[in-house]
Amino acid sequence: MKYLLFLIGAGVALTSCQNFFSQTVEIDPPDYTASMVFHELVSDQDDTLKINLTRNFGVLEQVDDDKKWAVKGATVEWWQNGQKVLTLLPLSADSSQVYFGLLPAPLQAGQEYQIKVNHPDFEPVTATQVLPAPLDKVDNIVFKRQISTNEFGEPVSQLEFNITDKADEKNFYEFFLQVDNVNKFIVDYLPDGTPVYDSFTYQYTVPFDVTFDPNLREGLGNSQLLNDQFTNGQEYKFKGQFLDYQNPDQTQEFYLVVRTVTQEYYYWSRSYLQQSNAGDNPLAEPISVYNNLENGLGIFGMFSEKRFKL
């Protein structure tokens, strides 16, 4: 009798488990506001604007058609100091969610620029930035190739430079090292056997393994971000080291890129990288990407840039 009761109890338990694991739970999707979305980073050297306008959907919504993300038929305007100076037009019939325009004049530091987007299905979106001035002084640039090796015997190179921060201003900077890699390859031979070469170039940014400054923050694209909280009005010296492999079949050109960026650009780059790094970690706390679009989602950021061939 005890064995029979045990078998009955076990059968009930297994049946309960099977019902539990096959149970369907209905969840009401959280409320959200349908909004327009774009990411626009503008340089002092740009002469065109191009905005890819999309929209958001609820976290549990299934979007079975990628075309539903596109926002077409919007009015996209570029304003300067409270005056409209440009209306962006659809790029093409096939890419009418991409809005394009030629800037009527070079962008000027200290001027206020604004993007305004209107569409009948969404709340109007606006975003405003003041273009920061480029750095007056970047000097003492020292670039040393393969000065040492790390603990694994890999070659290490070093870059140093100084900048002078403007006093009594809240400034934000971005630094990165760009490499133009030129690859040559044989495409044919002349009758006398001389090879005929062609080449292609690709660009990438180099991650710094060591930067010697705890105040630096890593940004998107292997960049280094700095605010002048501890260097207000003073000279700042950057020093960074990176792994540096030289391929005899490649020609490399190195460029130091120094940017003065807006505060919004700084926060967006930092938060975007943090969210990307946490994306594959199920135990990481959720990270929100910085947004400065009023009634929208995304970023409008500006920067002034200087490049130095090393």
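Which residue in E10 does Ser 148 stand opposite? The answer is Val 156, and the sheet to which this pairing belongs is taken up in point 3.

1. Model and confidence. The model is predicted. The mean pLDDT of the protein chain is 88, and 89% of its residues reach 70 or more. Residues 1–16 are an exception to note: the pLDDT there is below 50, and the stretch has zero contacts in the model beyond near neighbours in sequence. Where pLDDT is low, the predicted coordinates should not be read in detail.

2. Overall make-up. The protein chain has 310 residues, of which 36% count as buried. Its secondary structure comes to two helices and 17 strands. Among the contacts with a separation of 6 or more, 66% are between residues 24 or more positions apart.

3. An open sheet. Strands E9, E10 and E15 form an open sheet in the order E9-E10-E15, with antiparallel pairing. The edges are E9 (138–149) and E15, each of which pairs on one side only. On average, neighbouring strands of this sheet are turned by 15° against each other, direction ignored. Seven bridges join E9 to E10 (residues 155–164) in the antiparallel sense, and Val 156 in E10 has Ser 148 opposite. Strands of a sheet pair through backbone hydrogen bonds.

4. Lys 137. This residue lies in the loop between strand E8 (125–130) and E9. Lys 137 counts as partly exposed, because its relative accessibility is 41%, a value between the limits of 20% and 50%. Apart from its neighbours within four places in sequence, Lys 137 is in contact with Asn 162, Ile 163 and Thr 164. Between Lys 137 and Glu 235 the C-alpha to C-alpha separation is 9.6 Å, although the two are 98 residues apart in sequence.

5. Strand E14 and its partners. Four of the five residues of E14 are buried, which leaves this strand mostly covered. E14 pairs with E11 in the antiparallel sense over four bridges, and with E13, also antiparallel, over three bridges. Leu 225 in E14 features in both pairings: Glu 174 stands opposite Leu 225, and Arg 217 stands opposite Leu 225 as well. E13 and E14 form a hairpin with three residues between them, and Gly 221 in the turn has a positive phi of about 65°.

6. Asn 222, in the loop between E13 and strand E14 (223–227), is not a glycine, yet its phi is positive and near 60°. With a relative accessible area of 25%, Asn 222 is partly exposed. Phe 212 is another non-glycine residue with a positive phi, about 65°. Phe 212 belongs to the loop between strand E12 (195–206) and strand E13 (217–219), and its relative accessible area of 47% makes it partly exposed.

7. Aromatic pairs. How many aromatic pairs does the model hold? The count comes to 21. One of them joins Phe 172 and Tyr 266, whose ring centres are 5.1 Å apart and whose planes stand at 55°, so the pair is tilted. Phe 172 lies in strand E11 (residues 172–189) and Tyr 266 in helix H2 (residues 263–278), so the pair ties together parts that are 94 residues apart in sequence. Both Phe 172 and Tyr 266 are buried.

8. Phe 242 and Phe 254. These two rings form a tilted aromatic pair, with 6.4 Å from centre to centre and 40° between the planes. Phe 242 is in strand E15 (residues 235–243) and Phe 254 in strand E16 (residues 250–261), 12 residues apart. Why do both count as buried? The cut-off is under 20% relative accessible area; Phe 242 is buried because its value is 1%, and Phe 254 because its value is 4%. Ring pairs also link Phe 242 and Phe 254 into a cluster with Phe 143, Phe 161, Tyr 173, Phe 175, Phe 208, Tyr 236 and Phe 238.

9. Charges over rings. Lys 116 lies over the face of Trp 79, at 3.5 Å from the ring centre. Arg 55 is placed over the face of Phe 57, at 3.9 Å from the ring centre.

Definitions and conventions:
Residues numbered from 1 in each chain as written. Predicted model: local features only at pLDDT ≥ 70, side-chain atom pairs only at ≥ 80, totals over all residues. Heavy atoms only, no water. pLDDT = per-residue confidence, 0-100. Contact = heavy atoms within 4.5 Å. Phe/Tyr/Trp six-rings, centres within 6.5 Å; stacked < 30°, edge-to-face > 60°. Buried < 20%, exposed > 50% of the residue type's maximum accessible area, 1.4 Å probe, protein only. Lys NZ or Arg CZ within 6 Å of the ring centre and 35° of its normal. Pairing = 2+ DSSP bridges. Axes fitted to C-alpha atoms, helices over the stretch in contact; angles between N-to-C directions.
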